[in-house]
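Please examine the sequence and the structure shown below. The paragraphs that follow lead through the sheets, the annotated positions and the ligand surroundings.

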Amino acid sequence: MTGSHDTATHLHSEYSETGESVFLRDVRPYGEGDPVDVAIENGVIAEIGAGLTPAEGAEVIEGRGQILLPGFVDIHTHLREPGREDTETIDSGSAAAALGGYTAVFAMANTDPVADTAVVTDHVWRRGREVGLVDVHPVGAVTVGLAGTQLAEMGAMASGAGGVRVFSDDGHCVSDSLVMRRALEYAASLDVLIAQHSEDPRLTDGAVAHEGPTAARLGLAGWPRAAEESIVARDALLARDAGARLHVCHASTAGTVELVRWAKGQGIAITAEVTPHHILLDDSRLETYDGVNRVNPPLRERSDVLALRRALADGVIDCVATDHAPHAEQDKCCEFALARPGMLGLETALSIVVATLVRPGDLDWRGVARVMSERPAQIVRLGDQGRPIAAGEPANLTLVDPDVEWTVTGPALASIADNTPYESMTLPAKVTATILRGRTTARDGQVRNHEPTRGHERAGGTR
Ligand SMILES: NC(=O)N[C@@H](CC(=O)O)C(=O)O
Ligand SMILES: [Zn+2]
Ligand SMILES: [Zn+2]
């Protein structure tokens, strides 16, 4: 990989200078076996065993049998900085990520200005490091201004301080077949990933909801499944021919699952994510015309929801990604067709996975580690994330209380915007501690003291 922050030597220095120790008492790695103690020194796991003694001055966390997992990695997040700091900043989004159990997030390029130059991607990386709550990896745009015509300078972004390794026009589809072909060829030569927002815009003109009986009854313009599936199929073939790695953002239909299954069977380097909202919610939500339920791709039908859950459990869909998409109240609390698409996700993702897959018995905690941490880290090739919980490994960890239940309220979330679709819902499981390179970044619902954001004022009046 290009980029400076992921070379082995640099990584080594980052993991040897923290001088901090954390001691986790009575935790169950992957929810398996009897509780053990985990001693963390200088950013790495020093020792795992029963009845260990904490180092002098160590921060001791009483696990009481809670579940220890590798830190979560979100490969699809919108942090809105630069441009819409009234809805989210790198600071507030990092806090939400840490509270949600994340140790690395990938910030999408659809900011203002667009992250289509190294100036912007380097800023996002550096600002994330300054805040220090989670590694914020910038995603670079595939095309200049997300306009879909001229390729952005992917090489310059990849070799900048931000070390961009994922490119996406997310929010827009790279819909022109020739532009997508060239992008995949360029990406193959740089060995970077193209993450596609699969939506044929010719089939979604004016669409605001899933095309089906619900939208027909409610008089909402429909987005057909084929708008997504036709692009997934086309891109799989283009990636095959380019020898490129392709990632499918927010898979939302049963047909996409079958196409990804087919492409993987052909040996095509394709991976796919699903969002928490697409494995919990369906288009029956639209009955209220509440703009909070508007999202791209749209909430589909129950049969799609069930197919996506199965695909995640059996590995056809590789991972969960939040597509955390903060929006201001005035952009959400309006006529459904005018509401901006997108929902918050960072602080509720684990709970949705537990509610939809773990509690019903379709995924164990090993599986949670796979879909929330290991596979996403592998897809974006982060060498220090999604690692085994073992002595000598980087201490990027998340501690989860599986038994607690909590009720979601938008204003109580760390995000500046409040557009959670889970308002007033009681959900299972909560992150009780997040550890990044051996430092606790969140504990018991509070983020660690960190440097206040420069010029970051919360949106007036909405909080
Ligand atoms: N998912 C959404 O509905 N919205 C995203 C863009 C995107 O992910 O396509 C946003 O940036 O708001
Ligand atoms: Zn998208
Ligand atoms: Zn997105």
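**A guided reading of the model**

Strand β13 is mostly covered, with 5 of its 5 residues buried; a residue is buried if 20 or more other C-beta atoms, placed from the backbone, lie within 10 Å of its own, exposed if 12 or fewer, and partly exposed in between. From β13, I270, A272 and V274 point one way and T271 and E273 the other way, and all are buried. Strands and helices here are DSSP runs numbered from the N terminus, strands being E runs of at least two residues and helices H or I runs of at least four.

The model is a predicted one, in which local features need pLDDT of at least 70, side-chain atom pairs count only at pLDDT 80 or more, and totals for chains, interfaces and linings use all residues. Residues are numbered from 1 along each chain as its sequence is written, while chains are lettered from A and ligands numbered from 1 in the order in which they are written.

Strand β13 belongs to an open sheet of 5 strands with parallel pairing, in the order β8-β9-β12-β13-β14; two strands pair if DSSP finds at least two bridges between them. At the edges stand β8 (166-167) and β14, each with a single partner strand, so one side of each is left without a neighbour in the sheet. Strand β12 pairs with β13 in the parallel sense over 3 bridges, and L246 stands opposite I270 in β13. Strand β9 (residues 193-196) runs parallel to β12 (residues 245-248) and is joined to it by 4 bridges; there, Q196 has V248 as its bridge partner. Helix α7 (residues 225-242) lies across β9, β12 and β13 (270-274), at about 165° to β12. Such angles run from 0 to 180 degrees between N-to-C directions, with axes fitted to C-alpha atoms, for helices over the stretch in contact; two residues are in contact if their C-beta atoms, placed from the backbone, lie within 7 Å.

Strands β5 and β6 (residues 102-107) run parallel and are joined by 4 bridges, with D74 opposite V105 in β6.

Which residues does the UniProt annotation "binding site" cover? In the unreviewed entry, they are D170, H197 and H250. Although spread over 81 residues of sequence, they cluster in space, the largest C-alpha distance being 10.1 Å. UniProt positions follow the numbering used here, feature names are shortened, and annotations may be inferred rather than shown by experiment. D170 lies in the loop between β8 and α5 (177-190), and H250 in the loop between β12 and α8 (254-265).

The unreviewed UniProt entry also places the feature "active site" at D323, in the loop between β14 (319-320) and α11 (329-332). D323 counts as buried because 30 C-beta neighbours lie inside 10 Å. Beyond its neighbours within four places in sequence, D323 is in contact with H76, H250, T275 and G345.

D170, H197 and D323 are among the residues around ligand 1, where a residue counts as near if its C-beta atom, placed from the backbone, lies within 6 Å.
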